[in-house]
Amino acid sequence: MRLSFLIIVMSMFITGFSQENIDSEENTQNVFFANKAIYTYTTNKFNVRYIDGKIEVTNTIGSPFLFNEMVPGRLILDDKNLNFRKINYDAFQDHFIVFSKYAIKNTSTQLPFYQLNDNSVRIVNVLDRKNVPRVFIHVNSSKFIEKPDTKFMEIFTTEPSKAYILVSYKKIHDKTHRKVEYMLETWDKKYQFKLKKKYFLKNTDGFFVESKLGKSNILKFLNDKKHTKELKKFIKYNKLNLNNPADVQKFLEYYYSEILNKKSK
């Protein structure tokens with residue numbers, strides 16, 4: 001399933017770029033942005049800089065963005081679909097941003113990025129630096145048992161309505177907590193960005209619940225003792241690793257489409 005999923009999403013990119021060939025550097029004026037001002041950070045703990053196509057952060061290890069470099073992507077908005085050469089997800093502030101050479105920097109803290117209107121973004125397809133297709137959606141918080149920390153999450157299907165697992169990414173800015181024996185050294189990286197992942201599974205009532213991955217955790221989540229043997233057989237036969245979100249999606253697709261249909265008949 002993972003291979004077929006990659007082929008489908010890759011074809012979406014190839015078709016999209018060949019048809020529209022939209023470049024964010026030339027077409028930012030054609031997109032509705034939440035904020036016409038240049039993207040910046042108001043914190044006094046660090047500065048984010050964009051130098052030679054790379055994101056650099058002062059006083060901090062890592063980056064507030066999910067991807068270390070800007071990546072190509074397709075945005076599906078309320079009223080249009082657009083492709084961009086350089087896009088990223090700010091996992092620290094929970095926004096998607098695009099690069100534009102027209103965003104002229106006035107200070108060292110301002111960046112040549114525009115923030116997309118969060119409420120207009122529906123789906124974001126990107127190709128990461130390993131050329132792996134990734135799909136993100138704007139989630140509906142009313143579909144969660146508890147309100148999630150982020151508005152955007154990754155899915156592992158080309159059909160958002162059939163997403164049974166969601167993954168949220170949140171960057172936390174924290175101290176490095178270096179060992180005592182190194183404290184006397186000159187050290188200009190006092191902070192670091194830590195990536196926190198959360199997994200949400202859809203329950204039989206159609207709501208997403210934060211859960212841990214792994215076979216035992218997911219079987220416990222489903223709480224379907226009658227079909228446990230059949231489910232384990234499916235996992236083994238298809239060589240699924242239920243610590244892998246893509247395999248969890250495949251497993252839950254089977255459960256909801258096959259097992260629950262049997263139960264309802």
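This is a short walk through a predicted model, from a strand and its partners to a helix and then a pocket.

Let's begin with strand S8, residues 95-99. Of its 5 residues, 5 are buried, so the strand is largely enclosed by the rest of the structure. In a regular strand, side chains alternate between the two faces of the sheet. In S8, His95, Ile97 and Phe99 point one way, while Phe96 and Val98 point the other way, and all are buried.

Now look at the partners of S8. Strand S7, residues 81-90, pairs with S8 in the antiparallel sense over 4 bridges, and Asn88 stands opposite Ile97. The hairpin of S7 and S8 has 4 residues between the strands, and there Asp94 takes a positive phi near 65°. Strand S10, residues 113-116, also runs antiparallel to S8 and is joined to it by 3 bridges. Here the bridge partner of Ile97 is Gln115.

Helix H3, residues 215-222, comes next, with Ile218, Leu219 and Leu222 as its buried residues. Seen down the helix axis, these buried residues fall within an arc of 100°, so they line one face of H3. An α-helix has 3.6 residues a turn, so residues three or four places apart point the same way. On the other side of H3, you will find Ser216 and Lys220 exposed. Just after the helix, Asn223 takes a positive phi of about 50°.

Our last stop is the largest pocket, which holds about 210 Å³ of space. Its lining counts 14 residues, and Ile137, Asn140, Lys143, Pro160 and Phe208 lie nearest the centre. By class, the lining has 7 nonpolar, 4 polar and 3 charged residues.

Conventions
Residues numbered from 1 in each chain as written. Predicted model: local features only at pLDDT ≥ 70, side-chain atom pairs only at ≥ 80, totals over all residues. Heavy atoms only, no water. 1 Å grid on protein atoms, 1.4 Å probe; cavity = no way out; pocket = protein on both sides within 12 Å on 5 of 7 lines; lining within 4 Å. Points joined across faces, edges and corners; volume = space filled by probe spheres on them. Nonpolar A, V, L, I, M, F, W, Y, C, P; charged D, E, K, R; others polar. Buried < 20%, exposed > 50% of the residue type's maximum accessible area, 1.4 Å probe, protein only. Helix = DSSP H or I, 4+ residues; strand = E, 2+ residues; numbered from the N terminus. Arc of directions from axis to C-beta. Pairing = 2+ DSSP bridges.
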